[in-house]
Amino acid sequence: MSPTLIVLEATGGLQRPVVAALTVAALPVVVVNPRQVRDFAEATGQLAKTDALDARALAHFADAIRPTPRPVADAETEDWRALLARRRQLVALRTAEQNRLGSAPPRLHADIEAHITWLNERLATLENDLDTTLQASPVWRAREALLRSVPGIGPVCARTLVLDLPELGTLSRQHLAALVGLAPFHRDSGTLRGTRTIWGGRAQVRTALYMSTLVAVRYNPVLKAFYQRLRAAGKLAKVALIAGMRKLLTILNAMVKRQTPWQPQEVDIVA
């Protein structure tokens, strides 16, 4: 058939075998956000939803929007991302059990504590696997070391950026902020002038950056001064913190683009 473009929706990982097979066959394939396709269908007046209608809407979306195919991660990178995703799942389970322990009746404490102990053991094993696999790759090891040279960036944030944000160092700061979900979008219409808000983007990357920024505004001299300046200007703490996340991402993007380690007097002025 010689297709010019094959478009699939992201379906929680179920699309990966198809994408891998199409990539091996050298066919142009791109995976798109299902929300965008659904919004497109509703904008064209298609409110009903069946498999056949969804396929037609997806084809119409592909023809009208022409999304650009992006490089597909290799099998090894996908395995590393799966390990990182599994770590997030175990951390979420442990947090839920720790919260549950405070309100559970005494007779359940031993069972919950035993589960928390098991989760801690599994997390330790998983983090050891991540260390082993990442250290085996000179490229990933160098990228992680570069990111961790920034005060506030720990191993979890560095690995999240390496595996879940491969575009770091290749995009402008504006596009990268929008990709992560840190760009302040306008909500203006007519005489209405609303506050700028962030939304969308890669939640797992944004969460890792949030935790790192909490540390950076205390111990990173550049981010600390930037945060304190915004607070002194009357900005709310959370607004100043989000601005700090965006600045940290800009610094990391410039560092990776130039392949230079943390140098506050130079990196801080990169736009």
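Met211, Leu214, Val215 and Tyr219 together form a nonpolar patch on the surface of this predicted model, with about 390 Å² of accessible area between them. A patch here joins residues that have over 30% relative accessible area and no salt bridge, with nonpolar side chains (Val, Leu, Ile, Met, Phe, Trp, Tyr) linked within 5 Å and like charges within 9 Å; a salt bridge is a side-chain nitrogen of Lys or Arg within 4 Å of a carboxyl oxygen of Asp or Glu, and accessible areas follow the Shrake-Rupley method with a 1.4 Å probe, only the protein chains shown counting as cover for residues. Tyr219 is found in helix α9, and it counts as exposed because its relative accessibility is 56% (exposed means over 50% relative accessible area, buried under 20%, and partly exposed in between).

The model is a prediction, in which local features need pLDDT of at least 70 and side-chain atom pairs count only at pLDDT 80 or more, whereas totals for chains, interfaces and linings use all residues. Residues are numbered from 1 along each chain as its sequence is written, and side-chain values use heavy atoms, with hydrogens and water left out.

The protein contains 12 helices and two strands, taken as DSSP runs numbered from the N terminus (helices H or I of at least four residues, strands E of at least two). Of its 271 residues, 34% count as buried, and its C-alpha atoms fill a box of roughly 55 × 55 × 45 Å along the principal axes.

The largest pocket holds about 2,100 Å³ of space. Of the 48 residues that line this pocket, Val31, Arg70, Glu167, Leu179 and Arg202 are the closest to its centre. A pocket is an open set of points on a 1 Å grid over the protein atoms alone, where a 1.4 Å probe fits and protein lies on both sides within 12 Å along at least five of seven lines, and lining residues have an atom within 4 Å of a point; the volume is the space filled by probe spheres set on the points, which are joined across faces, edges and corners. Helix α4 gives the largest share of this lining, eight residues.

The second largest pocket has a volume of about 290 Å³ and is lined by 17 residues, with Arg87, Val156, Thr207, Ala208 and Met211 nearest its centre. Its lining draws at least two residues from each of α4, α7 and α9 (203–219), and α9 contributes the largest share, six residues.

Methods: Buried < 20%, exposed > 50% of the residue type's maximum accessible area, 1.4 Å probe, protein only.
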